[in-house]
Amino acid sequence: WTLNETTDLLLKKEFDLCRERQIPHRSFQELHLKSVVPFKHADLNLWRDSLHHGLQYQVEDSNIVLHGGIDDVWFDQRQEKLIVVDYKSQANSRPVDINDYLAGGYRQAYKIQLDFYAYLLTKMGFDVSPIGYFYVCNADRGAPVFNGQIMFQETLVPYEWSIDWLNPKIWEMTDILNSYDLPEQNPS
């Protein structure tokens, strides 16, 4: 966990250097993101703070405030849309395959996470690109020696987010919270 958290922290520092100067990150050219720069906003550090703030939206006709701490937001200067980005780090002997990275059970939660961030940004009034990204850093387990450093292969995995399912789910949660009946037990 601490290695994953450190990767996130260092990526944020690296992207913040580009954000301050409003220049593309070193990886954007090879990833074909020519018109993209890290998004510069006064509240970005609040949006990243998942424990105390995060992106926030108060659900209409309720006292429920949804929030989530985002890793990063980029800006497509050509389309004038925000791009939702989540950093992921791992150590896998196989290279990241963008075609099957999001397949499999536990990575479905990654999709939900990006859907939720896109939902919050949209509800906060931002125009959000329909494609978000997972910036995956895969540690090289095949390196011949440690030598005080770990090398990572960086891969950008595109994801077409969907928020259509969120409003019904939010109202379902609200109904359960307002109910005097206990919900059915989840077998898992």
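The legends below describe close-up views of a predicted model.

In this predicted model, local features need pLDDT of at least 70 and side-chain atom pairs count only at pLDDT 80 or more, while totals for chains, interfaces and linings use all residues. Residues are numbered from 1 along each chain as its sequence is written, and side-chain values use heavy atoms, with hydrogens and water left out.

View 1. Helices (H or I, at least four residues) and strands (E, at least two) are DSSP runs, numbered from the N terminus. Strand 5 (residues 81-90) is largely enclosed by the rest of the structure, because 9 of its 10 residues are buried, where buried means under 20% relative accessible area with a 1.4 Å probe and protein chains only. Strand 4 (residues 72-76) runs antiparallel to strand 5 and is joined to it by 5 bridges, pairing being counted if DSSP finds at least two bridges between two strands. Val73 has Val84 of strand 5 as its bridge partner, and in the hairpin, with 4 residues between the strands, Glu80 takes a positive phi near 55°.

**View 2. Strand 5 beside strand 6.** Strand 6 (residues 131-139) pairs with strand 5 in the parallel sense over 6 bridges, and Lys88 stands opposite Val136 in strand 6.

**View 3. Helix 3 against helix 4.** The axes, lines fitted to C-alpha atoms over the stretch in contact, of helix 3 (residues 108-123) and helix 4 (residues 166-178) come within 11 Å and cross at roughly 90°. Asp115, Phe116, Tyr119 and Lys123 in helix 3 meet Leu166, Asn167 and Ile170 in helix 4, contact meaning heavy atoms within 4.5 Å.

Note on methods:
Axes are lines fitted to C-alpha atoms, for helices over the stretch in contact, and angles run from 0 to 180 degrees between N-to-C directions. Buried means under 20% relative accessible area, exposed over 50%, partly exposed in between (1.4 Å probe, protein chains only).
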